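The model is presented first, and the description follows.

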Amino acid sequence: MAEVCVIGAGSSGIAAAQVLQSRGIEFDCYEVGSEVGGNWRYRNDNGMSSAYRSLHINTSTRQMQYASFPMPAGLPAYPDHFQIARYFDSFVDHFGLRDKIAFRTEVTAVVPRDGGYDVTIRERDTGAERTLPYRSVIVANGHHWDPREPEFPGTFTGERVHSHYYKTFEPYIGKRVLVLGIGNSACDIAVELSRVADRTFLAMRRSAHILPKFLFGIPTDHLTTSPLARGPLWLQRLSMRALLALTRGSVTRYGLPEPDHKVLAAHPTVSDDILTRVGHGDIVVKPNIARFDGSDVVFDDGSREQVDAVIYCTGYRITFPFLADDIVPTADNEVALYQRVVPVNHPGLYFLGLIQPLGAIMPLAEAQAHWIADLIEGAAALPSADEMNREIRRYRERMRRRYVASKRHTIEVDFQEYLADLKRLRRMLPSSKLMGTGS
């Protein structure tokens, strides 16, 4: 019987599989879909991918690649999702992991028991269920698959859909479309629709500082996530504000509202096109929705527009349908995890890739997997429950001080700082004062 259960074969799950295999730790990996890649597999038959046809990554290849498996040199700086999915396929095949993954197999329950967990799995093709014991469980089911939709007063007679279900522009040709949000998906979709829709509106609660994909011909995240950028936050903000002022100027000059927060006080919105399309008048900027009125949308400033469709780019809920609610509560997307990985009162349960970095998740999930493997092997250990709870409180206080209040900022990490934290944790060896290896 395998020692570890890995839930999901997306970018984090396959990183866990590679690390566990390299350590000689027996594991089973379950994936509800037919292929690896998770969110990056366009039209993934697991039903959880939010990728749209035109999607390209907004972190460059150098920042996104696994340390154990660099991306091919011939890829562009910002590949599309097809290229990323092929990279994941190559990763799995290079390390011989495909046969270790049980595809079309859903984990329906993870129940704590003495010394481990009972994991119930269901085969999608046959419906057959069975329950297996594991000492440790690594949850890597992603956090961009359970759409969060806002509620507004009134009745709307047009189409309403979350961006999770947006795939191509064809259904919106010649229509009047409202996109709600100012994150990366909202900007991508609004830009795309502005070329085919009769009218495209972009509504938002608050504005954003828009980062370009390139600065001075260099991928922007080479500058923002490099070790050289690890100065104090005030210096990072000063540097980024100066770079944006020099290269783009204020977003208000293009037609966006003035942001109500400082640079780097919200998760970055990265787009080379949104400001130009707004500046051309191809996208009309509106404040937040106040209410619906038949085929009209009424906005906070009292203006109204007749609209055929509304696309909500309003983020996702963090959910674990296979866990009881009291094991790891997720109210308001707040998840109490020591170092964003370990729940305090459930040894042997780990969460992988449950972070929103200023940078890419993949190399951080790979580093998390190494620390988890250290804990499973007993090469590293966890501090006391009191110390873990103190760290969780400190993290939450830092997030509240740094970021605007939003459900999207509950799992933020700074790429270089968090990577350094994980390296430090791997140097913490067991002692009589430490407890709970998690195995």
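Thr105 stands opposite Glu123 in strand 5. The model in which this pair occurs is predicted. Thr105 falls within strand 4, which spans residues 105-113 and pairs with strand 5 in the antiparallel sense over eight bridges. A further pair of these two strands places Pro112 opposite Tyr117 in strand 5.

**The antiparallel sheet**

Strand 4 and strand 5 form a hairpin with two residues between them, and Gly115 in this turn has a positive phi of about 80 degrees. Strand 5, residues 116-123, also pairs with strand 6, residues 129-134, in the antiparallel sense, here over six bridges. Val119 has Leu132 of strand 6 as its bridge partner. The hairpin of strand 5 and strand 6 has five residues between the strands, and Gly127 takes a positive phi near 80 degrees there.

The three strands make up an open sheet in the order 4-5-6, with antiparallel pairing. Strand 4 and strand 6 stand at the edges with a single partner strand each, so one side of each is left without a neighbour in the sheet. On average, neighbouring strands of this sheet are turned by 25 degrees against each other, direction ignored.

A second open sheet is formed by five strands in the order 3-2-1-7-20, and its pairing is parallel. Its edge strands are strand 3 (101-103) and strand 20 (349-351), each of which pairs on one side only. Neighbouring strands are turned by 20 degrees against each other on average, direction ignored. Strand 2, residues 27-31, runs parallel to strand 3 and is joined to strand 3 by three bridges. Within that pairing, Cys29 has Ile101 of strand 3 as its bridge partner.

**Helix packing**

| Helix pair | Axis separation | Angle |
|---|---|---|
| Helix 1 (residues 11-23) and helix 8 (residues 362-377) | within 9 Å | roughly 40 degrees |
| Helix 1 and helix 3 (residues 81-94) | 10 Å | about 15 degrees |
| Helix 8 and helix 10 (residues 415-426) | 10 Å | about 15 degrees |

The axes of helix 1 and helix 8 cross at roughly 40 degrees, and the two helices are therefore oblique to each other. Helix 1 passes helix 8 in a right-handed crossing. On the side of helix 1, the contact includes Ser11, Ala15, Val19 and Arg23, and on the side of helix 8 the contributors include Met362, Ala369, His370 and Glu377. By class, this contact has nine nonpolar, four polar and four charged residues.

Helix 1 and helix 3 pack at an angle of about 15 degrees, and they are therefore roughly parallel to each other. Their crossing is left-handed. Ser11, Ile14, Ala15 and Gln18 in helix 1 meet Phe88, Phe91 and Val92 in helix 3. The residues of this contact divide into five nonpolar, two polar and no charged.

Helix 8 and helix 10 have their axes 10 Å apart and pack at about 15 degrees. That angle makes helix 8 roughly parallel to helix 10. Helix 8 passes helix 10 in a left-handed crossing. The residues that meet include Pro363, Leu364, His370 and Trp371 in helix 8, and Phe415, Tyr418 and Leu422 in helix 10. This contact comprises nine nonpolar, two polar and two charged residues.

His370 of helix 8 takes part in the contact with helix 1 and also in the contact with helix 10. Ser11 of helix 1 likewise belongs to the contact with helix 8 and to the contact with helix 3.

**Domain arrangement**

The chain is divided into domain 1 (4-145 + 316-433) and domain 2 (149-312). The C-alpha centres of the two domains lie 28 Å apart. At their contact, 40 residues of domain 1 touch 33 residues of domain 2.

Technical notes. Residues are numbered from 1 along each chain as its sequence is written. This is a predicted model: local features need pLDDT of at least 70, side-chain atom pairs count only at pLDDT 80 or more; totals for chains, interfaces and linings use all residues. Side-chain values use heavy atoms; hydrogens and water are left out. Axes are lines fitted to C-alpha atoms, for helices over the stretch in contact, and angles run from 0 to 180 degrees between N-to-C directions. Helices (H or I, at least four residues) and strands (E, at least two) are DSSP runs, numbered from the N terminus. Angles under 35 degrees count as roughly parallel, over 145 as roughly antiparallel, 65 to 115 as roughly perpendicular and the rest as oblique. A crossing is left-handed if the near helix is turned anticlockwise from the far one by less than a right angle, and right-handed if clockwise. Contact means heavy atoms within 4.5 Å. Ala, Val, Leu, Ile, Met, Phe, Trp, Tyr, Cys and Pro count as nonpolar, Asp, Glu, Lys and Arg as charged, and the others, Gly among them, as polar. Two strands pair if DSSP finds at least two bridges between them. Domain bounds come from an automatic or database domain assignment.
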